Amino acid sequence: MNETKREESYPSICSVLEILGAKWSFLVIAALSKGTMRFQQLHREVAVVRTQSLTNVLRHLEQSGIVHREVIPTVPVSVHYSLTEKGRDFQNALKEMERWAERWQDSNKAD
């Protein structure tokens, strides 16, 4: 099956992957599910992600309506990130993915 046929077969999944397909999106969403965080707090939570990659993922998720970015006019400026309603709604799917991964993590069989 060619790529176009696959996209036509699963249009909703393809649209989700366009939003969440960035390499670190799932980790960022999982971290923000714990609550609002400043950039450095978030960076500590997802320590495997490089600073520039985290910046790119946050921008992408903000443009997609998953993450809310709030600039607090302090000295120095403080920026807080949180999940939008759309982002919080994704948490159920994320939990199901985690359950699936836990269930199959020790399996080397391809059934």
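Contact here means heavy atoms within 4.5 Å. The legends below describe a predicted model, in which local features need pLDDT of at least 70, side-chain atom pairs count only at pLDDT 80 or more, and totals for chains, interfaces and linings use all residues. Residues are numbered from 1 along each chain as its sequence is written, and side-chain values use heavy atoms, with hydrogens and water left out.

**Figure 1. Strand β2 around E70.** E70 has its place in strand β2. Residues up to four places away in sequence not being counted, E70 touches S78, V79 and H80. The C-alpha atoms of E70 and S82 are 8.3 Å apart in space, while the two residues are separated by 12 residues in sequence. With a relative accessible area of 39%, E70 is partly exposed; buried means under 20% relative accessible area, exposed over 50%, and partly exposed in between (1.4 Å probe, protein chains only).

**Figure 2. Overview of the chain.** The secondary structure comprises 7 helices and 3 strands. Helices (H or I, at least four residues) and strands (E, at least two) are DSSP runs, numbered from the N terminus. Read from the N terminus on, the order of elements is α-α-α-β-α-α-β-β-α-α. The chain has 111 residues, of which 27% are buried. Of the contacts between residues at least 6 apart in sequence, 43% join residues at least 24 apart.

**Figure 3. Packing of helix α3 against helix α5.** Two packed helices are described by the angle between their axes and the distance between the axes. The axes of α3 (residues 25-32) and α5 (residues 51-63) come within 10 Å and cross at roughly 75°. Helix α3 is therefore roughly perpendicular to α5. Axes are lines fitted to C-alpha atoms, for helices over the stretch in contact, and angles run from 0 to 180 degrees between N-to-C directions. Angles of 65 to 115 degrees count as roughly perpendicular, those under 35 as roughly parallel, those over 145 as roughly antiparallel and the rest as oblique. On the α3 side the contact is made by S25, V28 and I29, and on the α5 side by L54, V57, L58 and L61. These residues of the α3 and α5 contact divide into 6 nonpolar, 1 polar and no charged. In this grouping Ala, Val, Leu, Ile, Met, Phe, Trp, Tyr, Cys and Pro count as nonpolar, Asp, Glu, Lys and Arg as charged, and the others, Gly among them, as polar.

Figure 4. L42 is found in helix α4 and counts as buried, at 0% relative accessibility. Not counting residues up to four places away in sequence, L42 touches V28, A31, L32, M37, L54 and L58. Between L42 and Y81 the C-alpha to C-alpha distance is 8.4 Å, at a sequence separation of 39 residues.

**Figure 5. Salt bridges.** A search of the whole structure finds 2 salt bridges, a salt bridge being a side-chain nitrogen of Lys or Arg within 4 Å of a carboxyl oxygen of Asp or Glu. One of them joins E45 and K34, whose closest N and O atoms are 2.7 Å apart. E45 lies in helix α4 (residues 39-45) and K34 in the loop between α3 and β1 (37-38), so the pair ties together parts that are 11 residues apart in sequence. E45 is partly exposed, with a relative accessible area of 40%, whereas K34 is exposed, at 61%. A salt bridge also links the side chains of R99 and E96, at 2.1 Å from N to O. Both R99 and E96 belong to helix α7 (residues 91-104), where they are 3 residues apart, about one turn of the helix. R99 is partly exposed, at 42% relative accessibility, and E96 is partly exposed, at 44%.

**Figure 6. The loop residue T84.** T84 is found in the loop between β3 (78-83) and α6 (85-89). A polar atom of the T84 side chain lies 2.5 Å from the backbone oxygen of G65. Apart from its neighbours within four places in sequence, T84 is in contact with G65, I66, V67 and H68.

Figure 7. Most peptide bonds are trans. The bond from V75 to P76 is cis, with omega near -5°. P76 is found in the loop between β2 (67-72) and β3.

Methods:
Polar contact = N/O pair within 3.5 Å; in protein donor to acceptor, adjacent residues only side chain to side chain.
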